[in-house]
Amino acid sequence: MISVATADLSTLRTYLLELFVKLAYQEGDFTLSSGQKSSYYINGKQVTLQAQGGLAIGRLLLSMLPPNTQGVAGLTLGADPIVSAVSVVSAYEDRPIPALIIRKEAKGHGTQAYIEGPTLSPGATVVVLEDVVTTGKSAMLAVERLRDVGYTVNTIIALVDREQGGAAFYESQGLTFQTLFSISEIQKFYKSST
């Protein structure tokens, strides 16, 4: 077993790919949150909520952030453990980056805010993180909410791209999109390991 805390990033990426194939990827008949039917499903939370998975994700995504990143954010619930992991790892790396969680609906009490977390300076550069991208609409909602309060959002980073239009959609919106894994890579690894 590798040490997730000290392994080099290439080893860490392979380790995380194995976790996704072993814990998160399933084949069968599924209906996605977009309403689309699919012959496979990825439950990212099976990896992101594992201690070792969260640490691996935090280290890998932190290494992918643009140098000027002042915050990481994502739409609840899938992105919650991801933004938290990146934020915690950033503190260990002496590059503290706060995490923001974007609600789907405004809070029903208090400030009725869509965004939970520290208030950043106006114009702060925030990167949106996502677990699995299909059409790209979920992360785009987070981008819009962040821009509505004056933050600068130019980048989305996902753990898995289902390769069903999300990347093209983000490009059409002028956003930079990066992903750790494509669904093709996960499926290839899955087939070679079964």
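Where in the chain does Glu 163 lie? Hi everyone, let me start there. Glu 163 is in the loop between strand S7 (152-161) and helix H6 (166-172). Helices and strands here are DSSP runs, numbered from the N terminus, with at least four residues of H or I for a helix and at least two of E for a strand.

Before going on, a word on the model. It is a predicted one, with local features needing pLDDT of at least 70 and side-chain atom pairs counted only at pLDDT 80 or more, while totals for chains, interfaces and linings use all residues. Residues are numbered from 1 along each chain as its sequence is written, and side-chain values use heavy atoms, with hydrogens and water left out.

Back to the backbone, then. Most residues other than glycine have a negative phi, and most peptide bonds are trans. Glu 163 has a positive phi, near 55°. Its relative accessible area is 42%, so Glu 163 counts as partly exposed; on this scale buried means under 20%, exposed over 50% and partly exposed in between, using a 1.4 Å probe and protein chains only. Asp 94 also carries a positive phi, near 55°, and sits in the loop between H4 and strand S4 (99-102). With a relative accessible area of 72%, Asp 94 is exposed. There is a cis peptide bond too, running from Thr 76 to Leu 77, with omega near 20°. Leu 77 belongs to the loop between strand S3 (71-75) and helix H4 (80-92).

Now, helix H3. Which residues does Leu 62 touch? Setting aside neighbours within four places in sequence, Leu 62 is in contact (heavy atoms within 4.5 Å) with Ile 57, Val 86, Val 89, Ser 90, Glu 93, Arg 95 and Ile 97. Leu 62 lies in H3, residues 51-64, and is buried at 7% relative accessible area. From Leu 62 to Ala 85 the C-alpha distance is 9.2 Å, across 23 residues of sequence.

Is Arg 59 buried or exposed? Buried, at 16% relative accessibility. Its contacts, not counting residues up to four places away, are Val 4, Ala 5, Thr 6, Ala 7, Leu 9, Leu 12 and Val 89. Val 89 is 30 residues from Arg 59 along the chain, with 6.3 Å between their C-alpha atoms.

Have a look at helix H2 (residues 45-48) too, which holds Thr 48. This threonine, Thr 48, is buried at 5%. Beyond its sequence neighbours within four places, Thr 48 meets Gly 54, Ile 57, Pro 81, Ile 82 and Leu 159.

On to the rings. A pair of aromatic rings is described by the distance of the centres and the angle of the planes. For Phe, Tyr and Trp (its six-membered ring), a pair needs centres within 6.5 Å; planes under 30 degrees apart are stacked, over 60 edge-to-face, and the rest tilted. How many aromatic pairs does the whole structure have? The search finds six. One of them joins Phe 169 and Tyr 170, tilted, at 5.9 Å centre to centre and 50° between the planes. Tyr 170 is buried, at 0% relative accessibility. Phe 169 also has Lys 137 over its face, 4.0 Å from the ring centre; such a charge counts if NZ of Lys or CZ of Arg is within 6 Å of the centre and within 35 degrees of the ring normal. Likewise, the charged end of Arg 145 sits over the ring of Tyr 114, 3.6 Å from its centre. Tyr 25, Tyr 40 and Tyr 190 make up one aromatic cluster.

Last, the largest pocket. Its space is about 520 Å³. A pocket is an open set of points on a 1 Å grid over the protein atoms alone, where a 1.4 Å probe fits, with protein on both sides within 12 Å along at least five of seven lines; lining residues have an atom within 4 Å of a point. The volume is the space filled by probe spheres set on the points, which are joined across faces, edges and corners. Of the 25 lining residues, Ser 33, Glu 130, Asp 131, Val 132 and Ser 138 are the closest to the centre. Strand S6 (125-133), strand S2 (37-42) and helix H5 (137-148) each supply at least two lining residues, and S6 gives the most, with four.
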